[in-house]
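Student: Could we go through this structure together? I would like to begin with the strands and then turn to the other chain.

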Amino acid sequence: MTVSKIITLLPYQKPFLFVDGINTISEEGITGHYTFQKNETFYEGHFKNNPITPGVILTECMAQIGLVCLGIYLLKDELNSENLPKIALTAHQMDFYLPVFPEEKVTVISEKKVFRFNKLKCKVKMFNEKGELVAKGLISGMMKA
Amino acid sequence: MTNQELIAKLKAIVSPYIQDEEAFKNLSEDTDFVKDLKINSANLVDIILDIEDEFDIRLENEDMEKMLDVKSAMAIVNTKLAG
């Protein structure tokens with residue numbers, strides 16, 4: 001399955017799509033990236049006159065790249081444009097280390113821990129353009145065709 | 001392993017994932033994982049994986065589909081251990 005095919009099978013769209021591209025993907029893991037635009041809707045409120053990307057949005061970006069894109073790849077034989085993946089986030093544990101500001105590009109690296117009985121659990125890290133660790137944690141979801 | 005020992009092992013395995021304390025206290029062979037203990041689908045998978053580790057067995061999709069309550073979990077574990 002090609003990278004562009006994976007992105008078209010994502011069940012998200014703007015303003016809640018946080019995947020720009022995929023660098024590498026295999027059965028064991030994925031690396032992808034996203035650049036936060038200056039005009040993302042949440043910057044208006046988080047915070048007043050001081051736009052910083054909310055931790056929940058960083059977690060969402062890590063889940064979309066680290067779990068959903070990887071999950072689509074793992075389910076590749078069962079998916080097509082008529083049969084989009086059915087997904088649900090079921091748990092996450094996340095630690096945050098640095099803020100992410102508007103127009104910053106982040107890279108997400110996810111390593112598969114378990115994919116059995118439709119449950120995908122990954123160890124996911126996010127880095128900024130300087131290669132500094134922004135966040136890391138474990139994300140789990142249910143994923144089926 | 002007696003049924004009592006098996007129930008005790010299963011009770012220890014499910015305990016981190018239960019949402020209904022009262023149903024857990026009164027756990028019996030008839031206790032349903034989802035309806036009584038209010039366990040979510042992802043944690044049901046965790047229970048399956050923990051059962052595999054505890055009893056050193058391998059469970060398949062059809063076992064997962066059958067494993068809805070304590071009774072069926074006991075039957076599946078006993079079958080796998082015998083096989």
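Student: To start, how many residues does the hairpin that joins S1(A) to S2(A) pass through?
Tutor: The hairpin runs through 3 residues between S1(A) and S2(A). Please note that this is a predicted model, in which local features need pLDDT of at least 70, side-chain atom pairs count only at pLDDT 80 or more, and totals for chains, interfaces and linings use all residues. Residues are numbered from 1 along each chain as its sequence is written, while chains are lettered from A and ligands numbered from 1 in the order in which they are written.

Student: What do the labels S and H stand for?
Tutor: They mark strands (E, at least two residues) and helices (H or I, at least four), which are DSSP runs numbered from the N terminus.

Student: How many bridges join S1(A) to S2(A), and which residue stands opposite Ile22(A)?
Tutor: These antiparallel strands are joined by 4 bridges. Opposite Ile22(A) stands Gly32(A), in S2(A).

Student: What is the order of the strands in the open sheet?
Tutor: The sheet has 6 strands in the order S1-S2-S4-S5-S6-S3 of chain A, with antiparallel pairing. Two strands pair if DSSP finds at least two bridges between them. S1 and strand S3 (86-96) of chain A are the edge strands, each pairing on one side only. From one strand to the next, the twist averages 20°.

Student: And how many bridges join S5(A) to S6(A)?
Tutor: There are 9 bridges between S5(A) and S6(A), which run antiparallel. Lys123(A) has Leu138(A) in S6(A) as its bridge partner.

Student: Which strands does H2(A) lie across?
Tutor: H2(A) lies across S1, S2, S3, S4, S5 and S6 of chain A, and runs at about 50° to S4(A). Such angles run from 0 to 180 degrees between N-to-C directions, with axes fitted to C-alpha atoms, for helices over the stretch in contact.

Student: Which element gives the largest share of the largest nonpolar core?
Tutor: The largest nonpolar core has 33 residues, and H2(A) gives the largest share, 11 residues. A nonpolar core is a set of buried Ala, Val, Leu, Ile, Met, Phe, Trp, Tyr and Cys residues joined through C-beta atoms within 7 Å. A residue is buried if 20 or more other C-beta atoms, placed from the backbone, lie within 10 Å of its own, exposed if 12 or fewer, and partly exposed in between.

Student: What does Met62(A) touch?
Tutor: Not counting residues up to four places away in sequence, Met62(A) touches Val108(A), Val124(A), Met126(A), Ala135(A) and Ile139(A). Contact requires C-beta atoms, placed from the backbone, within 7 Å.

Student: Now chain B. How many helices and strands are there?
Tutor: Chain B has 5 helices and 0 strands. Its radius of gyration, taken over C-alpha atoms, is 12 Å, close to the 12 Å that the globule rule (2.2 Å times the number of residues to the power 0.38) gives for 83 residues, so chain B is as compact as a globular protein of that length. Buried residues make up 27% of the 83 residues in chain B.

Student: How many residues of chain B are in contact with chain A?
Tutor: In chain B, 8 residues are in contact with 8 residues of chain A. H3(B) gives the most to that side of chain B, with 5 residues.

Technical notes: Contact = placed C-beta atoms within 7 Å.
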